[in-house]
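Take a look at the protein shown here. This short report walks through a helix, some salt bridges and a pocket.

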Amino acid sequence: MGERSVVPFGPQHPVLPEPIHLDLVLEDEKVIEAIPSIGFVHRGLEQLAEKRDFNNYQYVIERICGICSFKHGMAYCEAIERIFGAEIPERAQFLRCIWGELSRMHSHLLWLGLLADAFGFDALFMQSWRMREKILDMLEASTGGRVIFSVNKIGGVLKDMDSSMLKSFVEILDGMDKDLKKLTGTFLHDYTVESRLRGVGILTKEDALTFGAVGPMARASGINIDTRKTGYEAYGKIDFDIITSNECDGYARCAVRIGEIFQSIRIIKQLIDKIPEGDIAIDIKGMPDGEAFARVEQPRGEAIYYAKANGTKFLERLRVRTPTFTNIESLIHILPGSEFADVPLQILTIDPCISCTER
């Protein structure tokens with residue numbers, strides 16, 4: 001047995017701009033145990049819901065995370081709409097899904113750039129973020145924002161997209177498709193990437209189920225699950241595949257996310273082709289009274305929203321379970337056995353969002 005030592009990893013480190021702390025127990029250069037410590041940026045957003053008008057709180061809930069902001073706002077609105085028993089217009093459902101998939105693309109491209117940067121591939125990092133800029137340009141043109149969009153409202157959406165804008169989006173996505181294939185193909189077939197990620201950070205299907213892994217983390221371990229397949233909003237009106245892998249390692253988690261970028265392009269094109277005419281919102285009056293769950297598929301996996309109302313303008317309880325919160329359990333499981341130098345890359349393969357985790 002080699003000499004054991006404890007190395008603190010984080011909360012300030014080069015992998016993420018967000019703080020996560022791990023105490024890594026090492027035996028020589030091999031990780032024996034990883035002990036997490038979270039809570040550095042806890043903001044009390046769940047309790048704040050008890051002190052803010054439920055209509056206005058939609059704009060607060062988006063601030064849980066800048067990358068997942070749209071999906072947070074959508075999930076919150078869905079939960080409140082279910083308490084009211086309201087069904088939003090069909091066009092609003094399609095618009096929410098279009099914005100949701102654009103958000104997924106910009107999140108995955110941001111992650112790909114960060115992973116490339118961790119490998120030292122500066123050119124790939126810049127190319128990934130250059131392509132992400134095209135997605136952000138579309139989001140800005142349609143919502144007015146590049147980080148926080150504020151287009152969701154309880155009862156639908158606040159903004160519409162005309163046919164010329166939707167047509168231009170299809171043209172942009174068609175133009176991106178070829179460049180994306182070249183970009184991601186270069187990354188996936190690079191010797192350094194394969195040597196550092198293949199066979200490292202193994203999360204078996206059984207372990208993924210045991211630890212409650214969600215999103216690409218679960219799908220890379222062969223679990224065929226995607227909340228979008230429940231058909232919420234407009235997802236039940238289109239056809240798409242769930243990207244999975246049975247390799248169960250860090251490389252598989254990369255391949256699944258890259259596959260989801262192309263699947264999002266396919267989804268957006270179908271949504272634009274099938275989007276109906278009509279209103280984009282309904283008026284919802286009165287105060288909510290009751291409780292409801294909402295489940296949405298964020299870029300990092302399934303997010304669950306629980307809202308309980310008591311007939312006043314303040315919610316009695318709001319509970320948010322984000323995907324990174326549950327995927328941290330899997331991260332702690334896959335780190336032991338890996339080399340110390342592999343830790344930053346393995347953390348990135350779960351695509352952690354600490355802002356979502358520490359609400």
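Buried means under 20% relative accessible area, exposed means over 50%, and partly exposed lies in between (1.4 Å probe, protein chains only). By that scale, Arg146 counts as partly exposed, because its relative accessibility is 27%.

The model is predicted: local features need pLDDT of at least 70, side-chain atom pairs count only at pLDDT 80 or more, and totals for chains, interfaces and linings use all residues. Residues are numbered from 1 along each chain as its sequence is written, and side-chain values use heavy atoms, with hydrogens and water left out.

**Salt bridges**

A salt bridge is a side-chain nitrogen of Lys or Arg within 4 Å of a carboxyl oxygen of Asp or Glu. The structure holds 27 salt bridges. Three of them are listed here.

| Pair | N to O distance |
|---|---|
| Glu27 and Arg4 | 3.2 Å |
| Arg146 and Glu133 | 2.5 Å |
| Glu140 and Arg146 | 3.1 Å |

Helices (H or I, at least four residues) and strands (E, at least two) are DSSP runs, numbered from the N terminus. The salt bridge between Glu27 and Arg4 links distant parts of the chain: Glu27 is in strand β2 (residues 21-27) and Arg4 is in strand β1 (residues 4-9), 23 residues apart. Arg4 counts as partly exposed, at 46% relative accessibility.

Arg146 pairs with Glu133. Arg146 sits in the loop between α5 (122-143) and β4 (152-153), while Glu133 is in helix α5, 13 residues apart. Glu133 is partly exposed, at 34%. Arg146 also forms a salt bridge with Glu140. Glu140 is partly exposed too, at 37% relative accessibility.

Elsewhere, salt bridges form a network. It links Glu101, Arg104, Arg219, Asp226, Arg228, Glu260 and Glu297.

**Helix α4**

How many residues of α4 are buried? The count is 26 of 30, so α4 is largely enclosed by the rest of the structure. The expected span of a helix is 1.5 Å times one less than its number of residues. For α4 (residues 90-119) that gives 44 Å, and its end C-alpha atoms are 44 Å apart, which agrees. Just after α4, Gly120 takes a positive phi of about 90°.

**The largest pocket**

The lining of the largest pocket divides into six nonpolar, two polar and four charged residues. Here Ala, Val, Leu, Ile, Met, Phe, Trp, Tyr, Cys and Pro count as nonpolar, Asp, Glu, Lys and Arg as charged, and the others, Gly among them, as polar. Phe121, Gln127, Arg130 and Asp179 are among the residues that line the largest pocket.

Definitions and conventions
On a 1 Å grid over the protein atoms alone, a cavity is a set of points where a 1.4 Å probe fits but cannot get out, and a pocket is an open set with protein on both sides within 12 Å along at least five of seven lines; lining residues have an atom within 4 Å of a point.
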